[in-house]
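Trainee: Could you walk me through reading a structure, starting with the whole chain and ending with a single residue?

Mentor: Gladly, let us bring it up.

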Amino acid sequence: MEAIIFDVDGTLWDSTEEVAVSWNRAIREQTDLNRVLTGSELKKEFGKPLEEIADDLFPTLSRKEKEELAVHLYQYENEWVESAPCILYDKMPETIRALSKRYRLFIVSNCQSGYIEAFLKNTGLGDCITDFTCPGDTGKLKGDNIKIIMERNGIREAVYVGDTQGDADACRMAGIPMIFAAYGFGEVEGDYVTIHSFDELLGIDYSKL
């Protein structure tokens with residue numbers, strides 16, 4: 001195994017409460033909507049394609065209105081989560097640093113441009129991550145983005161660490177195995193190598209995946 005590719009939300013950290021803070025501020029300051037979002041609402045949405053999240057949370061808006069609102073939501077979010085007290089999963093930073101000495105590490109997430117950069121700035125883990133991408137950068141969803149990362153970096157064998165069925169589906173499309181982060185936001189169908197805390201990644205025999 002040459003590389004480990006990570007999801008972000010529900011796998012590396014939980015930013016939902018802080019994203020709710022930033023999105024509610026954007027809604028107050030940039031729209032006339034009477035809508036207050038909660039972290040628990042966002043936890044059910046994170047990991048889905050961005051358009052699907054907008055459809056779920058703002059069903060009465062037109063597509064154009066959703067796109068205009070999204071510009072504000074993502075701008076406020078990226079700026080806020082750069083330094084907000086998001087929840088880092090237990091032993092995540094030190095585990096990432098340890099893994100980076102043995103494998104090339106990457107991030108592929110279904111997020112907007114700038115969000116992964118904000119995560120790396122917040123956590124100080126930028127020196128551990130070789131490359132990353134997202135739909136905001138490529139216009140493509142997770143399965144294709146996994147392929148893009150692997151092709152761009154000459155990776156033949158990789159494993160993905162994620163926490164939702166969408167992650168599992170993307171891995172199947174990309175033709176790589178997945179490690180299921182059971183402490184995260186979702187569930188998966190089928191049998192996967194499963195971790196219940198992030199530091200369990202240090203004890204996995206990646207050659208057997």
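**From chain to residue**

Mentor: Among contacts (heavy atoms within 4.5 Å) between residues at least 6 apart in sequence, 64% join residues at least 24 apart. This is a predicted model, where local features need pLDDT of at least 70, side-chain atom pairs count only at pLDDT 80 or more, and totals for chains, interfaces and linings use all residues. Residues are numbered from 1 along each chain as its sequence is written, and side-chain values use heavy atoms, with hydrogens and water left out.

Trainee: How many of the 209 residues count as buried, as a percentage?

Mentor: Buried means under 20% relative accessible area, with a 1.4 Å probe and protein chains only. Here 50% of the 209 residues fall in that class.

Trainee: Where does serine 15 lie?

Mentor: Helices (H or I, at least four residues) and strands (E, at least two) are DSSP runs, numbered from the N terminus. Serine 15 sits in the loop between β2 (13-14) and α1 (16-30).

Trainee: Why does serine 15 count as buried?

Mentor: Because its relative accessibility is 0%.

Trainee: And which residues is serine 15 in contact with, leaving aside neighbours within four places in sequence?

Mentor: Those partners are Asp9, Phe46, Cys86 and Tyr115. With aspartate 9, the side chain of serine 15 also makes a polar contact of 3.1 Å. A polar contact is a pair of N or O atoms within 3.5 Å; within protein, one must be able to donate a hydrogen and the other to accept it, and residues adjacent in sequence count only if both atoms are side-chain atoms.
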